[in-house]
Amino acid sequence: MKNLLQAAGIYFDLYFSPQNVRKVELFILRAAILAFLIHLVVIFLGNNFLYFKNFEHSYLKAIYTPFSFILFYEVFLLVIILPKSISEFIGKQFEVITLITLRSFFHDIADFDLKASIDINNPEYIYLLYDLCAALIMLSLTILYYRIYQNNRKSEVLSELNNFINIKKMVSLGMILILLLLSISSFFTWGMDMVHALRFNENYPNPNTVFYADFFSIMIFVDVLLLIISFMYHFSFFTIFRNASFIITTILIRMSLTIDKPMNYVIILIGFLFSILTFYLYSLRKSNVKS
């Protein structure tokens, strides 16, 4: 078992070196640019040629496409950051759900009639305000979380043993494989649903439920698995409570992806606040122990 863990650590460091991660980043950014241009062309055809009428949309809708690629890259970083720190892993989850919220704005703004007068009672206008306000609050809470994390980073990193780090690297390798398979499967499902939606111009699929809901469902079980394994190296009531709060946050994020606005944002913010407050109290406890 020890040899397997060492091999997992070696392969992880080899495949996900800073140079290789940079290559993945450049590939995704180039794909994002290409997809953005293709989407603009498709919208142009839909707006100007009767044969492509089902593709008729606001050009603003094209912004949604490259942002989806950037969001996928953030999910990739979320997976490979797992061996560094569970706390930093949760912070990256905060970043991902915040970007999903921003992407939601780009999706909603494309359906908004910019020529119409602003009406606070217009549901589309209200949804835009939900997206913007929620994104700003999430950004603020993410910054607060990282500030607390930075104050406790050194002690947390030193407390983790090499074996546990290698276990997390092995889990991360498995998650990369799951991410690739899930991406292919979800893209195929989304493509079939889009073809059907374009034919009848209705029932357009929600991309959050196609990919991210499944991904965060898997993340819940990964969090639980790592929590249990961590008991082998460090068993403490306070650590259990802190890590359990992280699992609760992941569950709430997963729930929010299939709930309508604004309740989905309320649930996300509750998850953020619960983790931040727990982490802060945990850091106070560690400070008292040192003193």
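**Figure 1. Helices around the largest cavity.** In this predicted model, helices α4, α7 (207-230) and α8 (237-256) each supply at least two residues of the lining of the largest cavity. The lining consists of Ile86, Ile90, Asp223, Leu226, Leu227, Asn243, Phe246 and Ile247. Sorted by class, six of the lining residues are nonpolar, one is polar and one is charged. The space inside the largest cavity is about 70 Å³. The model has one cavity of 30 Å³ or more.

**Figure 2. Helix α4 from end to end.** Helix α4 covers residues 86-109. Most of helix α4 is covered, with 21 of its 24 residues buried.

**Figure 3. The largest nonpolar core.** This core holds 62 residues. Those that touch the most other members are Phe76, Ile80, Ile97, Met138, Tyr145, Phe215 and Phe272. Helix α4 gives the core its largest share, 11 residues.

**Figure 4. The contacts of Ile80.** Ile80 is one of the core residues that touch the most other members. Leaving aside residues up to four places away in sequence, Ile80 touches Phe12, Phe16, Val21, Ser172 and Ile176.

**Figure 5. Asn166 in helix α6.** Asn166 lies in helix α6, which runs over residues 162-200. Asn166 has a relative accessibility of 13%, so it counts as buried, the cut-off being under 20%. When residues up to four places away in sequence are not counted, Asn166 touches Leu5, Gln6, Ala8 and Gly9.

**Figure 6. Ser183 and Tyr212.** Ser183 is also part of helix α6. Its relative accessible area is 17%, and Ser183 is therefore buried, since this value is under 20%. Along the chain, Ser183 and Tyr212 are 29 residues apart. Their C-alpha atoms are separated by 9.6 Å.

Technical notes:
Residues are numbered from 1 along each chain as its sequence is written. This is a predicted model: local features need pLDDT of at least 70, side-chain atom pairs count only at pLDDT 80 or more; totals for chains, interfaces and linings use all residues. Side-chain values use heavy atoms; hydrogens and water are left out. Helices (H or I, at least four residues) and strands (E, at least two) are DSSP runs, numbered from the N terminus. Buried means under 20% relative accessible area, exposed over 50%, partly exposed in between (1.4 Å probe, protein chains only). Contact means heavy atoms within 4.5 Å. A nonpolar core is a set of buried Ala, Val, Leu, Ile, Met, Phe, Trp, Tyr and Cys residues joined through side-chain atoms within 4.5 Å. On a 1 Å grid over the protein atoms alone, a cavity is a set of points where a 1.4 Å probe fits but cannot get out, and a pocket is an open set with protein on both sides within 12 Å along at least five of seven lines; lining residues have an atom within 4 Å of a point. Grid points are joined across faces, edges and corners, and a volume is the space filled by probe spheres set on the points. Ala, Val, Leu, Ile, Met, Phe, Trp, Tyr, Cys and Pro count as nonpolar, Asp, Glu, Lys and Arg as charged, and the others, Gly among them, as polar.
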